[in-house]
Amino acid sequence: MNLSVNAARLQQEMDTLAGFTQVEQTGREGERAVTRVVFTNDDMQARAWLRVLYEEAGLQVREDAVGNTFARWVGSDPGLPAVGTGSHTDAIPHAGMYDGTLGVLGGLEAIRTLQRVGVKPRRSIELVMFTSEEPTRFGIGCLGSRLMAGTLDPARADALLGKDDLTLRQARENAGFQGDLAQVKLPVSYYSAWAELHIEQGPLLERDGVQIGIVTHIAAPASYRFTIDGLGGHAGALLMPDRRDALCAASEIILAIERAALGTGVIDTVATVGTVKVHPGAVNSVPSRVDLELDVRDTEPGRRDEVMAHIRSAIAEIEARRGVKVSETEINADAPATSSEAIVESIQKACKDLGLTNRRMVSRAYHDSLFIARVAPVAMIFVPCRDGVSHRPDEFATVEAMRDGVSVLAETLLDLAR
Ligand code: GLV
Ligand code: MN
Ligand code: MN
């Protein structure tokens, strides 16, 4: 099909969306820092701006109780289950401008591209902007899609305490999203198919000169919170032999986590401690308590569980030796997802039609598609990003790569909506 993606407009809209942030820029060339935490002013302004774009494209817009936003291009047979696409626009602290946003603005451009061709899909095509794919505020990723899939208990979700001490319930209601979270769950067979466009966030496509990645599996993520309780005191007066320093214990735990992940000998195992909170946090006070968050992932959930077993036994040893007490809270331990072969083939067909080189691959990052896969057949379309960098201000994808991804998405959506 002859598709004319308006790549210049897409780039312009990506740049505008990147402006909805307060974060300090690095000043280095080619970097665009973005922090956009769910339900902050930046997030709310971005949502309002997106809504105007959806309405200009003639899409029917609705929002659910957690703020997931649905923009529907109504098909000629509107009673049929729709074809879905979309991603997120929230961004972790000091991130880049492509993660998630390409799936939303690129999804919109795919719809506009099809509208320009003059085709009318049989099934409706629905673009989704998910609330809080990133765990920054409420500690758990994919909030909106978990609730849509029914894999997160609505009462537990509403009680989640954000970093600013507001619960999800308070934060969403302040943002204007009222109603019962139980209603966020999608009805059975809501989507006949789902395809998400995203930057790869890894180096393989660029390195091997491949234009499109077709995701066949999404690795299984898990996260845990550990609290280490020791003994605080005066940094000058508490004698070294008498100490039970929580931060020293935490340091050993972090290194044990790194050893456990490396110990599988498999490149697919990763473990990261990305937040550490020290109490009371004064230079002349021995740390009495430390909270840390662990993110651990693997393509094989069984191997991920073995890594956790190693970590727990290391913690038990550190606890005994250092006289501290460690408590563990599981935040999430999710199963991996497998793409639908039919959608993978549809994407492959689109690539062939458009003359784009492609390869099947695993996603090591998680995405809302991980949860939509619980309630609909899914697959994902990856485009290369520079040096595989993501979650950093120097995250970058070329306008040509974005255009290719949108072209493939447009053809795929049309095929799935037939
Ligand atoms: C998503 O941002 C992830 O951490 O994989
Ligand atoms: Mn991300
Ligand atoms: Mn993302």
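Mentor: Your word is "buried". Buried means under 20% relative accessible area. Keep in mind too that this is a predicted model.

Trainee: Where does His198 sit?
Mentor: In strand 7.

Trainee: What does His198 touch?
Mentor: Leaving out residues up to four places away in sequence, the contacts include Ser87, His88, Asp99, Gly100 and Leu102. Met380, Ile381, Phe382 and Val383 are also among them.

Trainee: Which backbone nitrogen lies 3.3 Å from a polar atom of the His198 side chain?
Mentor: That of Gly100. The side chain of His198 also has a polar contact with the side chain of Asp99, at 2.9 Å.

Trainee: What does UniProt list with His198?
Mentor: An unreviewed UniProt entry gives a "binding site" at His88, Asp99 and His198. They span 111 residues in sequence, yet no two of their C-alpha atoms are more than 9.8 Å apart, so they gather at one spot.

Trainee: Which other residues does UniProt list for "binding site"?
Mentor: The unreviewed entry also lists Asp99, Glu134 and His391. Those span 293 residues in sequence, but no two of their C-alpha atoms are more than 10.6 Å apart, so they gather at one spot. Of these residues, Asp99 is included in the lining of the largest cavity.

Trainee: Asp99 keeps coming up. Where is Asp99 placed?
Mentor: In the loop between strand 5 (91-95) and helix 3 (101-117).

Trainee: Is Asp99 buried or exposed?
Mentor: Asp99 has a relative accessible area of 8%, so Asp99 is buried.

Trainee: And what does Asp99 touch?
Mentor: Not counting residues up to four places away in sequence, Asp99 touches His88, Glu134, His198, Ile199, Gln201, Ser390, His391 and Glu395. Notice that UniProt's "binding site" residues Glu134 and His391 are both among those contacts.

Trainee: Now Glu134. Where is that one?
Mentor: Glu134 sits in the loop between strand 6 (125-130) and helix 4 (143-149). At 4% relative accessibility, Glu134 counts as buried. Setting aside residues up to four places away in sequence, its contacts include His88, Asp90, Asp99 and His391.

Trainee: Switching topic. Which residues are around ligand 1?
Mentor: Glu133, Glu134, Arg297, Ala365, Tyr366 and His391.

Trainee: Which side chain has an N or O atom 2.7 Å from an oxygen atom of ligand 1?
Mentor: Arg297. Then there is Tyr366, with a polar backbone atom 2.8 Å from a ligand 1 oxygen. For His391, a side-chain N or O atom is 3.2 Å from an oxygen of ligand 1.

Trainee: How much of ligand 1 does the protein bury?
Mentor: Taken alone, ligand 1 exposes 190 Å². The protein buries 92% of that.

Trainee: Tell me about Arg297. Where does Arg297 lie?
Mentor: In strand 13, residues 289-298. Its relative accessibility is 15%, so Arg297 counts as buried.

Trainee: Which side chain makes a polar contact with the side chain of Arg297?
Mentor: That of Asp295, at 2.8 Å. Apart from residues up to four places away in sequence, Arg297 touches Ala220, Pro221, Asp268 and Arg304, among others.

Trainee: What is phi for Phe39?
Mentor: About 65°, a positive value, although Phe39 is not a glycine. Phe39 is in the loop between strand 1 (34-36) and helix 2 (41-56). With 10% relative accessibility, Phe39 counts as buried.

Trainee: And what about phi of Gln201?
Mentor: Phi of Gln201 is near 65°, positive in a residue other than glycine. Look for Gln201 in the loop between strand 7 (191-199) and helix 7 (204-208). At 18% relative accessibility, Gln201 counts as buried, and Gln201 is one of the residues that Asp99 touches.

Terms used
Residues numbered from 1 in each chain as written. Chains lettered and ligands numbered in written order. Predicted model: local features only at pLDDT ≥ 70, side-chain atom pairs only at ≥ 80, totals over all residues. Heavy atoms only, no water. UniProt positions renumbered as here; feature names shortened; annotations may be inferred. 1 Å grid on protein atoms, 1.4 Å probe; cavity = no way out; pocket = protein on both sides within 12 Å on 5 of 7 lines; lining within 4 Å. Helix = DSSP H or I, 4+ residues; strand = E, 2+ residues; numbered from the N terminus. Buried < 20%, exposed > 50% of the residue type's maximum accessible area, 1.4 Å probe, protein only. Contact = heavy atoms within 4.5 Å. Polar contact = N/O pair within 3.5 Å; in protein donor to acceptor, adjacent residues only side chain to side chain. Near = heavy atom within 4 Å. Areas by Shrake-Rupley, 256 points an atom, 1.4 Å probe, with all protein chains shown as cover.
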